[in-house]
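This briefing is for a reader meeting the structure for the first time. It covers a surface patch, the strands, the core and the salt bridges.

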Amino acid sequence: PGAVLLDVRNEGEYADGHIPGSVNLPLMQIPKISEIVEDLDTPLFVHCLSGGRSGRAVAFLQEQGYSQAVNIGGIKTYTGEVER
C-alpha cells in the first residue's frame, strides 16, 4: 500500500504494453519525480525493458533522497497481465 510502480521506458514503449497500475515517467524526465511523488519515503519499484534504465533512475532517485527506490529489472521478464 502506498507504493508506486514506476515505468521509466519511453511513452511509445509504455503504450505498447505496461503493467497495470504503473506510472510512466521516462528516464529523461525522471527529474520531475517530485511532481508525482512528494514523500521521499514512498516505496518506489522502478522498471524499464531490461533493467538498465531503471538502474540509472534508481541511482538518481536515491541521490535525491528517495530512500525506498528499488530497481526491479525489466518488463521483458514479466509474465503477468499487461495493459495497452
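Valine 70 lies in strand E4, which spans residues 69–74; helices (H or I, at least four residues) and strands (E, at least two) are DSSP runs numbered from the N terminus. The model is predicted, so local features need pLDDT of at least 70 and side-chain atom pairs count only at pLDDT 80 or more, while totals for chains, interfaces and linings use all residues. Residues are numbered from 1 along each chain as its sequence is written, and side-chain values use heavy atoms, with hydrogens and water left out.

**Surface patch**
- Valine 70 counts as partly exposed because its relative accessibility is 37%; buried means under 20% relative accessible area, exposed over 50%, and partly exposed in between (1.4 Å probe, protein chains only).
- Phe45, Val70 and Ile72 make a nonpolar surface patch of about 230 Å².
- Patches are made of residues with over 30% relative accessible area and no salt bridge, with nonpolar side chains (Val, Leu, Ile, Met, Phe, Trp, Tyr) joined within 5 Å and like charges within 9 Å.

**Sheet**
- Four strands form an open sheet in the order E2-E1-E3-E4, with parallel pairing; two strands pair if DSSP finds at least two bridges between them.
- Strand E2 (23–24) and E4 stand at the edges with a single partner strand each, so one side of each has no neighbour in the sheet.
- Four bridges join E1 and E3 in the parallel sense.
- Valine 4 has leucine 44, in E3, as its bridge partner.

**Nonpolar core**
- The largest nonpolar core has 16 residues, of which Leu6, Val8, Ile30, Leu44, Val46 and Leu61 touch the most other members.
- Two or more residues of this core come from each of strand E1 (4–7), strand E3 (44–48) and helix H2 (52–63).
- Such a core is a set of buried Ala, Val, Leu, Ile, Met, Phe, Trp, Tyr and Cys residues joined through side-chain atoms within 4.5 Å.
- Leaving aside residues up to four places away in sequence, leucine 61 touches Leu6, Ile30, Ile33, Leu44, Val46, Tyr66 and Ala69 (contact means heavy atoms within 4.5 Å).

**Salt bridges**
- There are two salt bridges in the structure, each a side-chain nitrogen of Lys or Arg within 4 Å of a carboxyl oxygen of Asp or Glu.
- Arginine 9 pairs with aspartate 7, their closest N and O atoms 2.8 Å apart, and both residues are buried.
- Glutamate 13 and arginine 53 form a salt bridge through their side chains, at 2.8 Å from N to O.
- This pair links distant parts of the chain, 40 residues apart: glutamate 13 is in helix H1 (residues 11–16) and arginine 53 in helix H2.
- Arginine 53 counts as partly exposed, because its relative accessibility is 21%.

Terms used
Areas by Shrake-Rupley, 256 points an atom, 1.4 Å probe, with all protein chains shown as cover.
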